[in-house]
Amino acid sequence: MTSGVTTEPAVLDVGELTSDPELEVRFSESAHQILADLVSGGAALGWVEPPSPDEVAELLGHVVSAVRAGDAALRAAYLDRRLVGLGYWLRYARPTHRPHADLEKIAVEAAAHGRGVGRALTAALIADARKAGIEVLTLDAHGDNTHALHLYRSLGFTEYGRLPDFVAVGERRYDKVFYMLDFRRQG
């Protein structure tokens, strides 16, 4: 990455991230800050309360191990050498589902929303899935997350199901919407 002000995010894979000792050292701490802030603001990232630094470090360790085994992809987005987003997919563990993967998290800090970070992360993860031979990439999202749902549709995902009022956050309920990108049907 170059120094100076950039407008496009630099989206790094695990190899690029771990080849820069300065970025690697700060990655878990910066990822924790982004995830905790987003969850505090009500984001649907799998937690009701903000995760602890140890929870995030354990999660990232699991994902990096899966990447090294060929069962995942992890991407980190930087603006001017500052982590502003991350995302990953994991191959399904069930033997009959191994050709497929689930896009589990796309997280972009609030200050970077609207700057193309989510699109860049998702597009890079889609490219990684194609390269890994994934047949179907799935994801789920809150039904009220209209910006994310629009992004996924614009990148070729289609809705294949919905569970009304399935996600419970305190007294609030949200639809769980399922999307897929079927590479088998693409040229």
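## Lining of the largest pocket

In this predicted model, 42 residues line the largest pocket. Those nearest its centre are Ala44, Leu45, Ile106, Asn145 and Ala148. The elements that each give two or more residues to this lining include three helices, H2 (21-40), H4 (117-131) and H5 (146-154). The strands that do so are E4 (101-108), E5 (136-142), E6 (158-169) and E7 (172-182). Strand E4 supplies the largest share, seven residues.

## Volume and composition of the largest pocket

The space in the largest pocket amounts to about 1300 Å³. By residue class, its lining holds 23 nonpolar, ten polar and nine charged residues.

## Second largest pocket

The second largest pocket has about 240 Å³ of volume. Its lining is made of 14 residues, and Asp13, Val67, Ala72, Ala73 and Asp128 are the closest to its centre. Helices H1 (14-18), H3 (53-68) and H4 and strand E2 (72-79) each give two or more residues to this lining. The largest share, four residues, comes from strand E2.

In the lining of the second largest pocket, seven residues are nonpolar, two are polar and five are charged.

## An element in both linings

Helix H4 gives two or more residues to the lining of the largest pocket and also two or more to that of the second largest pocket.

Technical notes: Residues are numbered from 1 along each chain as its sequence is written. This is a predicted model: local features need pLDDT of at least 70, side-chain atom pairs count only at pLDDT 80 or more; totals for chains, interfaces and linings use all residues. Side-chain values use heavy atoms; hydrogens and water are left out. On a 1 Å grid over the protein atoms alone, a cavity is a set of points where a 1.4 Å probe fits but cannot get out, and a pocket is an open set with protein on both sides within 12 Å along at least five of seven lines; lining residues have an atom within 4 Å of a point. Grid points are joined across faces, edges and corners, and a volume is the space filled by probe spheres set on the points. Ala, Val, Leu, Ile, Met, Phe, Trp, Tyr, Cys and Pro count as nonpolar, Asp, Glu, Lys and Arg as charged, and the others, Gly among them, as polar.
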